[in-house]
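Hi everyone, thanks for coming.

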Amino acid sequence: MKKALIIVLNILILVVLLKYFLSSYNISYNIKEYTIKTTYNKKYYYFEIKDKKNNIYSFDIYDNRKLYKIKISKIEKIVGEDFECIYPVVNDFKTYPLCYKENILVDYNLIDSPLLSKYKNVEKNNEKDNDFIYFNSLDSNTYVALWNYKGYTIMNGKSYNKIELFKNDKYNNDLSYQLNNNIYMPNYDMEHEFNELVVLNIETLINKTIKLEYNIDYDSYIVGSIKQKIYLFDNKHSILYEIDTKKEKIKIIGSNQKGYVMYKNDKFISCSKTLYTVKKIKYNDISSNSNYKYLFGDGTYKQYESNSKVKTKIFDNEINILKQYKDEIYYLDKDTLYLYNPLNGSKKVFYNYELEFNSNNTIFIYIK
């Protein structure tokens, strides 16, 4: 009886702990003249601060739920000639200044002031003596693959490897497609048409070949992916293929004889051939889990999903965003790939002298 009671108590304790660590919460509180709201949901903390002038500042933190409810403990004010910032202090977490300049929220990295210097990470200038430079700015869970005409240069942590897959140079890499840590591409050593896919795992660096039952013309494009299936449209032969990457099988799901279909609202529906041949439709089932939208105009702005009225200018120009992950974005500027987050600003990932002229489907990013 005693043993059974102990088991029941342990189960109850486990249930209570699981419920606690999985549960979300909202709290409101004040610090001096500031009204603050903190929200937690699924490893995501969102903070919103309103001052006495009704200016709204916001920031977020990605981390596990703590045993206590996370609150801002102190707010420091930083005032310059043409800007005003607050620096929220949260115990056990790194934070950064939140700034207003000319009545808009602006990333503090865009403000040139000695008052903000201590919060910034300044990168050293690297001389571009080589065609390719890796700046060792990735962590061990992030992999970046750069197409190098015969294969890929794969960067991870503090090192990189060159993987050669083909005998001949292939400048255009438009038919390569990434699913998780795998890149699928034609066997580029085949001319005019291909009936093999080469698969490279950019985490393990292992590659394999998938034999196809059809000859596919290079005048094709990737429509998208649904779960583990890739869809490709052959323009020359007007055929829509479905490639099952798990079963390593291919089949025709659209043609002049069969008619054409497109994926919409979680199912395939009939459509015209024109949508593929002229409009080049694209679809997949990967919905964005981002907590932001990035808007463009007189620069690049970050808008919070938690409050669409909160919009921060993070760049003075429009940037080419390749990937979003939590509060990070990977973006291209001319011949350099950068990693940006609000805590550290922008860091160079790599430089490649040809990137400005050929960046279409040349970079693939995987984060474990």
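This is a predicted model: local features need pLDDT of at least 70, side-chain atom pairs count only at pLDDT 80 or more; totals for chains, interfaces and linings use all residues.

Which strands each supply at least two residues of the lining of the largest cavity? Keep that one in mind for a moment.

Okay, the empty spaces. Rolling a probe the size of a water molecule over the atoms shows where empty space is left. Searching the whole structure this way turns up two cavities of 30 Å³ or more. The largest cavity has a volume of about 160 Å³.

Back to my question, then. The strands are E4 (56–62), E7, E8 (104–107), E24 (299–304) and E25 (311–315), and each gives at least two residues to that lining. E8 has the largest share, with three residues. In total, 16 residues line the largest cavity, and the ones nearest its centre are Ser58, Tyr96, Leu98, Asp107 and Thr312. What kinds of residues are they? The lining splits into 12 nonpolar, two polar and two charged.

Now for the second largest cavity, which holds about 70 Å³ of space. Around it you'll find Leu175, Tyr177, Tyr184, Met185, Pro186, Phe194, Leu197, Ile222, Ile230, Leu232 and Ile243. Strands E14 (182–186), E15 (193–201) and E18 (229–234) are the elements that put two or more residues into this lining. E14 makes the largest contribution here, three residues.

Right, on to the cysteines. A quick reminder: a disulfide is a covalent bond between the sulfur atoms of two cysteines. If you like geometry, the angle about the S-S bond is 105°, and the link of Cys85 and Cys99 is right-handed.

So are these cysteines buried or exposed? Cys85 has a relative accessible area of 0%, so it is buried. Cys99 comes in at 1% relative accessibility, so it counts as buried as well. One more cysteine to mention is Cys271: the cut-off for buried is under 20%, and Cys271 is at 16%, so it counts as buried too.

Notes. Residues are numbered from 1 along each chain as its sequence is written. Side-chain values use heavy atoms; hydrogens and water are left out. A disulfide is a pair of cysteine sulfur atoms within 2.5 Å. Buried means under 20% relative accessible area, exposed over 50%, partly exposed in between (1.4 Å probe, protein chains only). On a 1 Å grid over the protein atoms alone, a cavity is a set of points where a 1.4 Å probe fits but cannot get out, and a pocket is an open set with protein on both sides within 12 Å along at least five of seven lines; lining residues have an atom within 4 Å of a point. Grid points are joined across faces, edges and corners, and a volume is the space filled by probe spheres set on the points. Helices (H or I, at least four residues) and strands (E, at least two) are DSSP runs, numbered from the N terminus. Ala, Val, Leu, Ile, Met, Phe, Trp, Tyr, Cys and Pro count as nonpolar, Asp, Glu, Lys and Arg as charged, and the others, Gly among them, as polar.
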